[in-house]
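Have the viewer open as you read.

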2 protein chains.
Amino acid sequence: MDHLGFKPLSRVAVCGGTHGNEMSGVYLLKELQVSQPERVRSFSLSTLLVNPRAVDACRRYTEKDMNRCFTDALLSAPTTATTPYEVTRAQEVNGQLGPKGSEKAVDLICDLHNTTANMGLCIITHVSNWLGLHLFKYLQEKITSAPVRLILLKSPFSEVYSLESVSKHGIALEAGPQPHGVLRADIYNLMREGVNRALEWVESFNSGTVFEGGEVEAYFDVDKKDYPRDPKTQELTAAIHPQLQDNDFCLLKHGDPAFVSLSGETICYEGEALYPFFVNEGAYYEQNTAFKLAQRETLLLPAVSVQKPQ
Amino acid sequence: MDHLGFKPLSRVAVCGGTHGNEMSGVYLLKELQVSQPERVRSFSLSTLLVNPRAVDACRRYTEKDMNRCFTDALLSAPTTATTPYEVTRAQEVNGQLGPKGSEKAVDLICDLHNTTANMGLCIITHVSNWLGLHLFKYLQEKITSAPVRLILLKSPFSEVYSLESVSKHGIALEAGPQPHGVLRADIYNLMREGVNRALEWVESFNSGTVFEGGEVEAYFDVDKKDYPRDPKTQELTAAIHPQLQDNDFCLLKHGDPAFVSLSGETICYEGEALYPFFVNEGAYYEQNTAFKLAQRETLLLPAVSVQKPQ
């Protein structure tokens with residue numbers, strides 16, 4: 001496993017508006033449509049506004065979270081008049097960019113997301129995606145304006161519910177903090193740099209560059225915590241503690257302040273030492289998630305390059 | 001005008017959820033309902049969740065911006081089956097806390113708002129509200145955890161469209177930056193300190209304290225700028241420039257960077273030197289407002305105290 005060869009990445013799709021109020025991706029698509037078409041390169045580049053109805057409404061989704069619709073089960077479910085718009089649209093997108101798990105699928109989806117959490121730039125992908133891991137390594141080396149981190153999913157590929165899983169080597173690119181419904185130049189520029197560097201990496205990969213192996217630090221999504229809530233009404237009784245707010249990826253240990261009640265009492269974290277992320281993400285209130293928790297591991301990557309034609 | 005006497009402030013209403021996704025006020029109401037009822041004081045305190053439907057939906061409003069519904073014209077308009085919910089609800093609230101402009105109206109509404117802009121704590125009120133100006137002065141002296149500023153409206157009182165105008169001496173209390181739909185402890189705590197200090201001031205005023213006159217700095221809302229937009233689609237072609245973002249209340253001069261286009265070009269401000277505020281407020285995209293502009297003036301306040309019973 002010290003050197004893996006892959007087919008060239010001949011079809012790349014940059015996707016935005018999977019969540020309709022995450023503005024950096026929505027606007028970066030417009031910019032890519034203007035700036036990229038005339039460029040000659042080794043791959044075809046397409047852009048896709050994934051959930052146009054939600055973008056028009058400036059909401060995360062209209063009936064169902066689109067980025068939970070890309071499991072094998074939902075992509076193959078029969079649709080009826082009562083099927084949520086997002087499920088129907090996910091099947092349509094799967095027809096355009098997939099089908100998921102097939103040879104016909106595009107090589108690389110780069111799906112653009114924003115978070116209200118202070119997460120800098122994150123690559124989220126499946127642990128089995130060696131090319132995605134190398135792409136991350138390249139971005140981390142090249143981008144100095146913000147921290148660049150890697151979040152890995154371990155679930156069986158057929159159960160991965162996010163859009164990038166439709167492609168052979170997909171990644172989600174998450175940038176924050178940015179309020180939903182707001183476009184911040186700093187976060188937009190960070191995402192733009194991420195996408196430009198990613199396209200640069202694909203071009204370099206296709207041209208035959210050998211990307212040497214090496215170590216990368218990865219955060220494995222292993223747990224989550226909900227906000228303290230009133231048992232009857234389910235309303236929040238506490239907010240994220242100021243010592244945890246904006247401190248994504250800083251080790252949270254048993255006894256550290258995690259929440260502060262509405263009247264000012266500190267509530268401490270109880271559990272094993274883990275790395276919090278998506279801390280106080282606005283969209284996760286309804287998912288009963290105050291923050292997610294990760295284990296950090298060092299992974300050893302094999303060298304990769306494009307396969308030589310036989 | 002060196003000393004003005006006023007009737008005691010016997011009825012105070014703290015209002016939240018006028019915009020349903022501004023979370024600090026929504027949660028501070030819950031906290032006040034628990035912490036305040038048993039206190040003996042010189043005034044009655046009520047709390048009101050102003051737009052419960054919008055709070056349930058975690059949206060600014062359902063059919064019409066509630067905080068634009070408190071003009072004399074809308075409060076007296078006949079309602080029909082097609083009247084927006086917020087107009088009907090505003091009339092209901094006016095019945096409870098008003099009627100606006102009448103002797104029956106409550107003495108002080110303190111209406112709680114959040115902004116995505118970096119505005120610290122702001123008191124927004126009408127220029128004619130001497131008690132509101134003194135309340136601001138007190139808050140500015142007492143609160144050190146964030147800047148406290150005063151934004152003044154000059155329009156005729158009957159045309160003031162915001163909730164606090166229903167009361168005799170109303171103020172809006174604006175705290176930020178906080179993403180809409182998110183509760184941040186730092187901003188919640190700032191708002192909580194603001195409300196507690198405001199109630200403390202009312203108690204002190206009612207008990208006969210003479211508040212000496214003096215100077216206050218006020219920002220008069222005089223203009224606004226929209227984002228650069230595509231003339232055909234009306235979509236944004238630029239974001240707030242990083243040098244302006246988060247720099248509310250810093251003088252913006254002709255030629256200073258104001259926007260940056262999606263492809264990276266700086267667009268400079270053209271106009272007279274003014275103080276920007278509500279910079280990149282999420283709710284104002286649909287109102288074609290990238291930021292508002294203020295003139296700063298120093299006002300001389302008369303001393304005030306409660307009128308001695310005759």
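Let's start with Cys110(B), which counts as buried at 4% relative accessibility; buried here means under 20% relative accessible area, exposed means over 50%, and partly exposed is what falls in between (1.4 Å probe, protein chains only). Before going further, some ground rules. This is a predicted model, so local features need pLDDT of at least 70 and side-chain atom pairs count only at pLDDT 80 or more, while totals for chains, interfaces and linings use all residues. Residues are numbered from 1 along each chain as its sequence is written, chains are lettered from A and ligands numbered from 1 in the order in which they are written, and side-chain values use heavy atoms, with hydrogens and water left out.

**Cysteines and a buried strand**

With a disulfide taken as a pair of cysteine sulfur atoms within 2.5 Å, the count over all chains is zero. Cys268(B) is too far from a partner for a bond, because the closest cysteine sulfur, in Cys250(B), is 17 Å from its own. Cys268(B) is partly exposed, at 37% relative accessible area.

Cys110(B) is also one of the residues in contact (heavy atoms within 4.5 Å) with Leu173(B), along with others including Leu112(B), Ile123(B), Met191(B) and Val195(B), leaving aside neighbours within four places in sequence. Leu173(B) sits in strand β7 (residues 171-176) of chain B; helices (H or I, at least four residues) and strands (E, at least two) are DSSP runs, numbered from the N terminus. Leu173(B) is buried, with a relative accessible area of 0%.

**Where the chains meet**

Four salt bridges run between chain A and chain B, a salt bridge being a side-chain nitrogen of Lys or Arg within 4 Å of a carboxyl oxygen of Asp or Glu. One links Glu235(B) to Lys30(A), with the closest N and O atoms 3.1 Å apart.

Over all chains, the structure has 30 salt bridges.

| Pair | Closest N to O distance |
|---|---|
| Glu22(A) and Arg60(A) | 3.3 Å |
| Glu31(A) and Arg192(A) | 3.5 Å |

Glu31(A) is buried at 8% relative accessibility. Glu217(A), in strand β8 (residues 214-225), and Arg296(A), in strand β13 of chain A, tie together parts 79 residues apart in sequence. Glu217(A) is partly exposed at 37%, and Arg296(A) is partly exposed at 38%. Glu22(A) and Arg60(A) are both buried, and shared partners join Glu22(A), Arg60(A) and Asp65(A) into one salt-bridge network.

Most residues other than glycine have a negative phi, and most peptide bonds are trans. The bond from Gly98(A) to Pro99(A) is cis, with omega near 0°, and the one from Gly176(A) to Pro177(A) is cis too, with omega near 10°. Phe278(A) has a positive phi near 50° and is buried, with a relative accessible area of 5%. Asn288(A) also has a positive phi, of about 55°, but is partly exposed at 37%. Both Phe278(A) and Asn288(A) are in the loop between β12 and β13 of chain A.

Finally, Asn129(A) sits in the loop between β5 (120-126) and α5 (130-142) of chain A and is buried at 6%. A polar atom of the Asn129(A) side chain lies 2.8 Å from the backbone nitrogen of Gly132(A), and a polar side-chain atom of Asn129(A) is 3.0 Å from the backbone oxygen of Gly170(A).

Notes: Polar contact = N/O pair within 3.5 Å; in protein donor to acceptor, adjacent residues only side chain to side chain.
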